[in-house]
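Grab a pencil and work through these exercises with the structure open beside you. Try each task before you read its solution.

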Amino acid sequence: AAISACEKGAEWQHALALFQAMSSAMVPNSTSHNATISALEKCGQWELALSLFEAMPGSCEPSRFTYGAAISACEKRGQWEHALRLFEDMPRSKVKPGIIVYNSTISACEKGAQWQQALNLFFRLVEVKLHADIITYNATISACEKGGHWQYALSWFEAILRARLSPSVISYSATMKACDRGSQWQQAINLFEAMLTATVEPDV
């Protein structure tokens with residue numbers, strides 16, 4: 001409970017100190033690991049979060065929450081390789097990733113300019129019959145933009161409409177940026193006009 005309180009208050013130093021004090025007296029359980037890793041994740045301490053995750057004893061099985069917090073910690077610092085490694089490790093631990101874990105991993109790949117990895121993850125979530133949300137689409141579009149592939153970015157933007165989701169300002173901005181980088185100024189103008197028609201406030 002004390003570690004969870006520190007986690008909610010983003011007091012990662014206190015959470016880690018409590019965890020270490022507990023470790024000297026007993027073997028911390030999964031709940032203690034989860035709360036501490038989450039506290040580290042919220043404050044961007046990806047290296048500590050990853051170390052704590054990898055040091056979990058055999059008696060503590062990592063859950064979807066554990067993986068999610070560790071992946072999110074790596075994602076926030078653009079550590080796409082570590083995030084992807086954790087994601088790929090989930091089936092071996094018999095843990096099925098949910099949409100939040102997919103989103104974090106795709107976002108990590110986006111921040112690392114790994115557009116092909118991001119697309120691969122998107123296709124995989126479709127294969128396992130998960131429903132992509134606007135966060136999934138936005139991260140995938142941004143990955144395509146960073147990779148210099150305006151056609152893919154535009155295709156994924158159009159997929160948002162086919163999925164009957166409402167594009168956000170991030171959806172429009174990332175796609176327009178991709179078109180701008182690809183010298184597709186008319187496409188960018190069309191998107192800007194569509195954003196105004198949809199009454200989405202421009203990010204300027």
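**Exercise 1: Ser183**

Ser183 counts as exposed because its relative accessibility is 58%, and exposed means over 50% relative accessible area, with buried under 20% and partly exposed in between (1.4 Å probe, protein chains only). Before going on, note that this is a predicted model, where local features need pLDDT of at least 70 and side-chain atom pairs count only at pLDDT 80 or more, while totals for chains, interfaces and linings use all residues. Residues are numbered from 1 along each chain as its sequence is written, and side-chain values use heavy atoms, leaving out hydrogens and water.

Task: Find where Ser183 sits and what its phi is.

Solution: 
- Step 1. Look in the loop between α11 (169–181) and α12 (185–197): that's the place of Ser183. Helices here are DSSP runs (H or I, at least four residues; strands are E, at least two), numbered from the N terminus.
- Step 2. Read off phi: for Ser183 the angle is near 60°, a positive value in a residue other than glycine.

**Exercise 2: Lys129**

Task: Work out whether Lys129 is buried or exposed, and give its phi.

Solution: 
- Step 1. Go to the loop between α8 (115–127) and α9 (134–146), where Lys129 lies.
- Step 2. Check the relative accessibility: Lys129 has 70%, so this residue counts as exposed.
- Step 3. Phi of Lys129 is near 65°, again a positive value in a residue other than glycine.

**Exercise 3: A helix pair**

Task: Describe how helix α3 and helix α4 pack.

Solution: 
- Step 1. Take α3 (residues 30–42) and α4 (residues 46–54): they pack at an angle of about 160°, with axes 8 Å apart. The axes are lines fitted to C-alpha atoms over the stretch in contact, and angles run from 0 to 180 degrees between N-to-C directions.
- Step 2. Name the arrangement: α3 and α4 are therefore roughly antiparallel (over 145 degrees).
- Step 3. List who touches whom: His33, Thr36, Ile37 and Leu40 of α3 meet Leu48, Ala49, Leu52 and Phe53 of α4, where contact means heavy atoms within 4.5 Å.

**Exercise 4: The whole chain**

Task: How many helices and strands does the protein chain have, and what share of its residues is buried?

Solution: 
- Step 1. Count the elements: there are 12 helices and zero strands.
- Step 2. Take the buried share: 45% of the 204 residues.

Notes. Parallel < 35°, antiparallel > 145°, perpendicular 65-115°, else oblique.
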